Amino acid sequence: MRVAVVILNWNGKKFLEQFLPVVIEHTGSDAEVYVADNASTDDSVAYLKEKFPAVHLIQNNINGGFAVGYNMALAHIKADYYVLLNSDVQVTAGWVRAPVAMMEKTPAVMAVQPKIKAFSEPACFEYAGAAGGFIDVYGYPFCRGRIFDTIEKDEGQYNDEKEIFWASGACLFIRSAVFHEMGGFDEDLFSHQEEIDLCWRMKLKGYKIMFCPGSEVFHYGGGMLPKSNPFKTYLNFRNNLIILCKNHPARSLRYMVFQRMVLDGMAALRFLLKGDWGDFKAIVKAHADFYKTFGKTRKKRAVIQATVKNPEVSAVYRRSIVKKYFLQGKKLFSQLDAKDFY
């Protein structure tokens, strides 16, 4: 068994200085550590070569974002398991062992996410992953421990091993064989939600994705883009529509897309009323670009749907999380009825 921890870096020397020594300390002999550099223009590469010569360095010749960066790097790494780790994540002692043991024990489990908490508020879950990801019936993502902007404190309420819909790309354990079987990340997504797309494609093949509470990491968050950023809003709305159209069962796709248009329109109006012109225009642009690339998305959908083994995937919330959150005041994952999940 060979495990490779792969950190994707782009102009992130400050994060490498702060977090890489801790990764090396707490990984030890459990895995080999790699840094894949996405054509940084700072002195990240020189810093790595000088301070951490034992760390494997892969230099991508372009900055193609999260998706292209990892696809390029992982093509050069031979291991049984990949651990995709953001450069701004602080790991803890023994963090690699429990997720890998979970996959070793259960062959059907193809990917695992540890508990992800906030570096700035260690008592709380972190936005990007928390205690495992889910989607609602319209494709909107949320987490155990985080629904929209409501983030819960970690009080042990989600300390159970649980099947989830998606595992966060901030710290993703995945079997190398299935990563390559799926063709890696969709490079047209560039960044944001590409791990949700990958996980959805895995679940359509009948594979399992799990949350592992026995491993805990702390995510700084917003390392490349701040939490509130129009470009991030654009990517999230555009990519989520693409993902929905690629992977959702055909029998209800048109209805779901129409409903999403309405809900996204309401989100845009909300931004407009708050005076957030940047985010409002980002949603408009996201929809425009979604229409422009629909032909390409449809071709991808045909390839995916031709090999579906499990169309009724698990860990999907059968209601609208938008309505539950904004209209009914259900702010916590524990307030959602367990019977409404597949």
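Which residues do ring pairs link into a cluster? They are Phe 125, Phe 134, Phe 142, Tyr 158, Tyr 317, Phe 333 and Phe 341. Here, rings of Phe, Tyr and Trp (its six-membered ring) pair if their centres lie within 6.5 Å; planes under 30 degrees apart count as stacked, over 60 as edge-to-face and the rest as tilted.

Before going on, keep in mind that this is a predicted model, where local features need pLDDT of at least 70, side-chain atom pairs count only at pLDDT 80 or more, and totals for chains, interfaces and linings use all residues. Residues are numbered from 1 along each chain as its sequence is written, and side-chain values use heavy atoms, with hydrogens and water left out.

**Aromatic pairs**

Searching the whole structure turns up 28 aromatic pairs. One of them is Tyr 70 with Phe 185: the ring centres are 6.4 Å apart and the planes sit at 55°, so this pair is tilted. Tyr 70 belongs to helix α3 (residues 65-74) and Phe 185 to the loop between α5 (176-181) and α6 (194-204), so the pair ties together parts 115 residues apart in sequence. (Helices, H or I, at least four residues, and strands, E, at least two, are DSSP runs, numbered from the N terminus.) Tyr 70 is buried, with a relative accessible area of 0%, and Phe 185 is buried too, at 3%. Buried means under 20% relative accessible area, exposed over 50%, and partly exposed in between (1.4 Å probe, protein chains only).

Now take Phe 134 and Phe 341, whose ring centres are 5.5 Å apart with planes at 75°, so they pair edge-to-face. This pair links distant parts of the chain, with Phe 134 in strand β7 (residues 133-136) and Phe 341 in the segment after α11 (321-327), 207 residues apart. Both Phe 134 and Phe 341 are buried.

**Charges over rings**

A charge sits over a ring if NZ of Lys or CZ of Arg is within 6 Å of the ring centre and within 35 degrees of the ring normal.

| Charged residue | Ring | Distance from ring centre |
|---|---|---|
| Arg 146 | Tyr 127 | 3.9 Å |
| Arg 260 | Tyr 140 | 4.1 Å |

**Around Asp 154**

Asp 154 is in the loop between β10 (150-151) and β11 (162-163). With 17% relative accessibility, Asp 154 counts as buried. Its side chain makes a polar contact of 2.9 Å with that of Lys 115 and another of 3.2 Å with that of Lys 117. A polar contact is a pair of N or O atoms within 3.5 Å; within protein, one must be able to donate a hydrogen and the other to accept it, and residues adjacent in sequence count only if both atoms are side-chain atoms.
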